[in-house]
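Here are a few friendly notes to read alongside the structure.

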Amino acid sequence: MRIARVMGMGVAVCGLASALLAGGTPALSSAAAAPQSGVTGVSVLVYHRVAPAVTNEMTVRPSTFQSQLDYLKEHHYPIVPLRSVVAHLLGKEPAPPPSAVVITIDDGHRSVYTEMLPALRKLGAPVTLFIYPSAISNASYALTWQQLAEIQHTGLFTIESHTYWHPNFKVERRRLAPEAYREFTTRQMCRSRSVLEGRVGAAPTLLAWPFGVYEEEAVEIARKCGYTAAFTLGARGVTPGTNLMTLPRFLVTDKALGKAFAAMLPPEPSGRGR
């Protein structure tokens, strides 16, 4: 099945990305005090799935996920909506508060509903969920449309696009003739927006690049389809002047505890040291 093959590619690519982002920092068993972070700007965190067993770099155990949320709460990090950060970059809203953090989740795995939703509800923080609609109510690992509606009704989640079925655009560019590639990419971008608009009531304006992979023509097509900003991977914060179509996010893994998690965050609010 094409979706299963694509997800297999995602494990490999995101595994490499997480190794680069982790920077060899050893994980700690608790959210203890850690050295001052060097992250400048807003830290945008990206999760994928939560499960009891860690089978790949995109899986976080429930205890790890809860520990990370507890860390954010105990250290008083303001968690802000992703759209407000983009609006600021566009000059439409004031700057986010100092040390702001954003929580995003990619793909739309069922664990968003079964494992992550209860913890996020308790935290009461805004979350952006990037999904590829071809999997919803179709793939065995994915959310159903009913579950997605329940998630949206909490008022905490904003639904955005991860393209229609999660392709690697650099692979597709090599595989397809130029005109076929333009048609394919336009369909991936625009169809996702139209399907999600019909299902959740609003057309997405934000895009997460599948596997964090993008190329110039795909960026231009994304703009034409109506996306105002797009997100990839990168071990740095979002700051004014960053390219709106290649904004960085920190890939959160099960090893991101203590110092490793703190390294993904800005300095603590109010000048508190770690």
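This is a predicted model: local features need pLDDT of at least 70, side-chain atom pairs count only at pLDDT 80 or more; totals for chains, interfaces and linings use all residues.

1. The partner of Trp 209 is Phe 169: their ring centres are 5.9 Å apart and their planes stand at 90°, so the pair is edge-to-face. Phe 169 lies in helix α6 and Trp 209 in the loop between β7 and α8, so the contact ties together parts 40 residues apart in sequence. Phe 169 is buried too, at 0% relative accessible area. Ring pairs also bring in Tyr 214, making a cluster of Phe 169, Trp 209 and Tyr 214.

2. The count of aromatic pairs is six. One of them joins Phe 130 and Phe 231, with centres 6.1 Å apart and planes at 50°, so this pair is tilted. Phe 130 belongs to strand β5 and Phe 231 to strand β8, 101 residues apart. Both of these residues are buried.

3. Strand β5 pairs with β6 in the parallel sense over five bridges. Between them the chain passes through helix α5, and this β-α-β crossover is right-handed. Leu 129 has Ile 159 of β6 as its bridge partner. Four of the five residues of β6 are buried, so the strand is largely enclosed by the rest of the structure.

4. What is the mean pLDDT of the protein? The value is 88, and 85% of the residues reach 70 or more. Over residues 1-35, however, the pLDDT is below 50, and this stretch has 62 contacts in the model beyond near neighbours in sequence.

Key
Residues are numbered from 1 along each chain as its sequence is written. Side-chain values use heavy atoms; hydrogens and water are left out. Buried means under 20% relative accessible area, exposed over 50%, partly exposed in between (1.4 Å probe, protein chains only). Helices (H or I, at least four residues) and strands (E, at least two) are DSSP runs, numbered from the N terminus. Two strands pair if DSSP finds at least two bridges between them. A crossover is right-handed if, with the strands pointing away from the viewer, the path from the first strand over the helix to the second runs clockwise. pLDDT is the predictor's confidence in each residue, from 0 to 100. Contact means heavy atoms within 4.5 Å. Rings of Phe, Tyr and Trp (its six-membered ring) pair if their centres lie within 6.5 Å; planes under 30 degrees apart count as stacked, over 60 as edge-to-face and the rest as tilted.
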